[in-house]
Amino acid sequence: MNKKELREKYKNLRSDLSEIEIDNLSMDIANQSLQLPIWEKSYYHIFLPIQKQKEINTEFILHILQGKDKNVIVPKSDFKENSLEHILLTDTTKLEINAWGIPEPTEGIPIPEDKIEVVFVPLLAFDLHGHRVGYGKGFYDKFLSKCSSETIKVGLSLFSGEEKIEEVLPTDIRLDLCVTPLETYHFKN
């Protein structure tokens with residue numbers, strides 16, 4: 001399937017899920033993530049979910065990170081440049097929901113991309129080769145291209161992987177891992 005078809009398919013699949021189902025699947029993903037070889041790192045970037053899009057509830061992974069005293073970084077969107085700023089999440093970080101329904105910090109301490117060691121990547125769909133489909137604006141591909149080659153890219157998906165995504169672009173950044181409620185996919189990059 002091409003990206004447009006996959007976007008439509010997975011938006012529809014997500015829209016059929018109840019809030020309780022999303023929370024249960026999100027908890028399963030958080031539990032699966034505990035098996036990942038990533039927990040010795042210090043700087044973790046995690047997205048905050050767009051509830052109206054029925055995205056995975058990353059609060060469970062956020063609690064794991066905070067419980068392990070990790071530095072947690074959250075994105076702030078720049079829709080003029082289709083880019084992200086990366087803000088350290090602290091006890092005093094004020095979050096607001098922007099016009100697109102994304103919870104994000106209003107201000108805070110910026111963290112450069114090359115300092116981030118693990119990125120939890122949002123997606124609508126992914127394939128067995130580590131390619132992903134997002135909303136199509138390129139925010140995360142642009143961000144991931146600026147990260148260190150050592151940065152571990154972890155997709156989070158409510159659903160299993162597709163066999164193959166058609167129309168993959170050279171600018172599409174592949175995942176290293178993808179965690180679903182039932183299993184973790186490992187990709188060789």
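Predicted model: local features only at pLDDT ≥ 70, side-chain atom pairs only at ≥ 80, totals over all residues.

Q: Why is Ser-42 called partly exposed?
A: Its relative accessibility is 34%. Buried requires a value under 20% and exposed one over 50%, with partly exposed in between; Ser-42, at 34%, therefore counts as partly exposed. Ser-42 is found in the loop between α2 and β1.

Q: What is the separation of the C-alpha atoms of Ser-42 and Lys-115?
A: These C-alpha atoms are separated by 9.3 Å, and the two residues lie 73 residues apart along the chain.

Q: What makes the pair Glu-40 and Lys-41 a salt bridge?
A: The criterion is a side-chain nitrogen of Lys or Arg within 4 Å of a carboxyl oxygen of Asp or Glu. The N to O distance between the side chains of Glu-40 and Lys-41 is 3.6 Å, so the pair meets the criterion. Glu-40 counts as exposed because its relative accessibility is 55%, whereas Lys-41, at 22%, counts as partly exposed.

Q: Why is the contact of Glu-96 and Lys-94 called a salt bridge?
A: Their side chains meet at 3.3 Å, N to O, and the limit is 4 Å. The pair therefore qualifies as a salt bridge. Both partners are classed as partly exposed because Glu-96 has a relative accessible area of 40% and Lys-94 has a relative accessibility of 49%.

Q: How do you know that Arg-132 and Asp-141 form a salt bridge, and why are they called buried?
A: The N to O distance between their side chains is 3.9 Å, which is within 4 Å, so a salt bridge is assigned. Buried means under 20% relative accessible area. Arg-132 has 11% and is therefore buried; Asp-141 has 15% and is therefore buried.

Q: How many salt bridges does a search of the whole structure find?
A: The search finds six, including the bridge between Arg-132 and Asp-141.

Q: Why is Asp-69 called exposed?
A: Exposed means over 50%, and Asp-69 has a relative accessible area of 72%, so it is exposed.

Q: What is the phi of Asn-82, and why is this residue called partly exposed?
A: Phi of Asn-82 is near 50°, a positive value in a residue other than glycine. Asn-82 is in the loop between β2 and β3 (83-88). Its relative accessibility is 22%, and it therefore counts as partly exposed.

Q: Which residues of helix α3 are buried, and what do they pack against?
A: The buried residues of α3 (residues 59-67) are Phe-60, Ile-61, Leu-62, Ile-64 and Leu-65. They pack against α2 (19-33), β1 (43-46), β2 (71-78), β6 (118-121) and β9.

Q: Why is Glu-167 called exposed, and which surface patch includes it?
A: At 52% relative accessibility, Glu-167 is over the 50% limit and therefore counts as exposed. Glu-167 gathers with Glu-5, Glu-8 and Glu-166 in a patch of negative charge on the surface. The place of Glu-167 is in the loop between β9 (152-156) and β10 (177-179).

Conventions: Residues numbered from 1 in each chain as written. Heavy atoms only, no water. Patch = residues over 30% accessible without salt bridge, like charges linked within 9 Å, V, L, I, M, F, W, Y side chains within 5 Å. Areas by Shrake-Rupley, 256 points an atom, 1.4 Å probe, with all protein chains shown as cover. Lys, Arg positive; Asp, Glu negative; His and termini not counted. Charge placed at Lys NZ, Arg CZ, Asp CG, Glu CD. Helix = DSSP H or I, 4+ residues; strand = E, 2+ residues; numbered from the N terminus. Buried < 20%, exposed > 50% of the residue type's maximum accessible area, 1.4 Å probe, protein only. Contact = heavy atoms within 4.5 Å.
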